[in-house]
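Please examine the sequence and the model before reading the points.

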Amino acid sequence: MTKDLSRRQFLHRTAGAAGALAASPAIFLEPEHIPLPLQSTPPSDRLRFGIIGIGMQGSGLLRDAIQLPGVECVAACDLYDGRHTLAQEIVGKKIPTTRRYKDLLDNKEIDCLIAAVPDHWHKQVVVDAVSAGKDIYCEKPMSHSPADGVAMVAAAKKTGRVVQIGSQRVSSVICAKAKELLANGIVGTLTLVEGSLGRNDPTGAWVYPPPPDLSLGNFDWDTWQGDATKRAWDPDMSPKYFARWRCWKEYGTGLAGDLLVHLVSGMNFMLGWNEPPKRAMALGDILRFKDGRNMPDVHATLFDYGRAPIYLRLNLGCDTPEIYRFQGSKGILEVTEYAITYFPQSGEDESPSYYTSGYPQAMREAYLKKWHEEHDPKPGKEPIREGFSYRGESWDAEKPHLWRFFQGARNHQQVTEDTVFGHNAALACHMANQSYFRGAAVTWDAASNQIKS
Ligand SMILES: NC(=O)c1ccc[n+]([C@@H]2O[C@H](COP(=O)([O-])OP(=O)(O)OC[C@H]3O[C@@H](n4cnc5c(N)ncnc54)[C@H](O)[C@@H]3O)[C@@H](O)[C@H]2O)c1
């Protein structure tokens with residue numbers, strides 16, 4: 001949901017680029033088939049889910065989930081009563097609503113849960129849910145701290161419940177196709193991966209308008225703060241914390257937890273990696289939105305996974321499309337929200353070496369003569385290299401990811417983005433944050449489960 005605006009802008013902005021690609025063959029990927037009609041499952045076979053957190057993201061997940069076959073929403077929980085109304089509006093019928101998520105955990109009618117609460121609540125909700133025997137889809141970033149992530153991995157392992165973390169591009173056809181191409185060596189020796197995303201508007205920088213009626217009468221402010229803070233209700237600041245929590249490290253995980261986690265999760269999935277980085281080195285600052293936030297609005301991180309360098313950049317002060325470039329000895333695989341484009345490279349000298357401009361004339365001419373004899377193609381036989389592009393459904397579409405979770409819950413099968421995958425991706429984000437705050441490179445120490453500088 002947060003990404004809708006940038007997605008539209010991105011489409012608009014890349015229309016020119018798409019035109020330039022029109023010369024290469026475009027193949028539409030077949031999206032994963034999700035059976036229709038939606039109401040074809042008898043009530044006895046339906047998977048009943050409850051939702052915790054029906055804000056910006058939870059409301060979108062709820063709209064998507066209820067369109068999937070064989071699932072139905074039977075209860076909703078939020079600390080703000082306005083969102084009880086919203087949940088009823090989306091589901092289109094009266095379902096039980098509550099401010100206490102433990103009511104959903106105790107409810108035997110509920111098979112599984114979706115949680116879209118702010119980051120500082122992820123660990124507690126997931127640990128409580130799996131301990132109560134419920135499978136759960138929890139939004140990204142999986143954790144608010146490395147320690148939270150460790151506790152979540154342990155709880156999922158102990159209980160064996162299905163946990164899916166909500167980095168939806170892991171279930172996208174775009175990333176699946178890129179993964180296949182990369183596994184088949186499309187870029188040759190992988191030498192560098194870069195990824196970036198930029199926005200340049202207050203909404204993109206989380207300056208959201210709080211609901212105008214938010215008050216202690218319709219909202220449980222103390223519970224919302226969890227263990228993060230114990231602030232008294234402040235009619236000016238509390239609604240801002242409620243709506244703009246991403247700006248403050250007490251509740252959110254900054255650019256790293258909001259956007260970098262998507263870049264990292266997608267990258268790990270496409271490369272078939274599932275581990276934390278060995279080292280992270282970040283630079284950042286608050287340059288554009290000096291509104292009292294304590295998280296950077298520009299954040300660039302170099303990651304060392306013991307393989308090719310990874311360079312991921314996020315900027316809330318300049319609008320740029322979201323893109324990955326997997327660079328290697330055989331060219332570049334560019335991956336964006338809707339498209340994959342391959343730019344081939346031979347990796348060979350395609351003209352005589354310019355170093356020979358430093359040869360004396362006779363030596364240079366002899367070199368050039370030999371080079372041309374050995375390399376020049378016959379007229380009409382000049383090499384032509386094939387680049388190509390694929391276009392597919394947005395990697396931000398949430399239905400495929402929700403569908404995989406519901407299938408996992410129905411069949412008691414683990415899912416791709418389990419807690420281990422989610423933890424490893426979140427650790428990269430925590431390392432990016434710690435490197436920024438400490439002003440130093442940081443490493444992950446698996447023995448002590450700590451980030452060290
Ligand atoms: N996957 C994506 O593309 C994507 C996009 C946006 C947000 N998200 C993630 O979704 C999560 C929610 O983000 P959002 O923008 O919807 O936030 P939001 O503030 O709009 O909504 C969160 C809701 O959770 C409720 N809540 C908080 N603590 C609660 C508790 N203990 N019990 C019950 N309800 C509680 C709040 O009252 C609020 O209504 C975040 O983790 C965020 O990172 C993911």
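The points below treat a pair of helices and then the surroundings of a ligand.

The model is predicted, so local features require pLDDT of at least 70 and side-chain atom pairs count only at pLDDT 80 or more, while totals for chains, interfaces and linings use all residues. Residues are numbered from 1 along each chain as its sequence is written.

**Helix packing**

- Two packed helices are described by the angle between their axes and the distance between the axes.
- Helix α11 (residues 254-271) packs with helix α14 (residues 419-438) at an angle of about 135°, and their axes are 8 Å apart. Helices are DSSP runs of H or I with at least four residues, numbered from the N terminus. Axes are lines fitted to C-alpha atoms over the stretch in contact, and angles run from 0 to 180 degrees between N-to-C directions.
- The two helices α11 and α14 are therefore oblique to each other (angles under 35 degrees count as roughly parallel, over 145 as roughly antiparallel, 65 to 115 as roughly perpendicular and the rest as oblique).

**Ligand surroundings**

- The ligand is surrounded by 27 residues, and the closest are Gly53, Gly55, Met56, Gln57 and Glu139. A residue is near a molecule if its C-beta atom, placed from the backbone, lies within 6 Å of it.
- Helices α3 (56-65) and α9 (221-225) each supply at least two residues of this shell; α3 gives the most, with three residues.
- Domain 1 (4-23 + 171-346 + 385-395 + 424-452) and domain 2 (43-169 + 399-418) both contribute residues to the shell, so the ligand lies between them. These bounds come from an automatic or database domain assignment.
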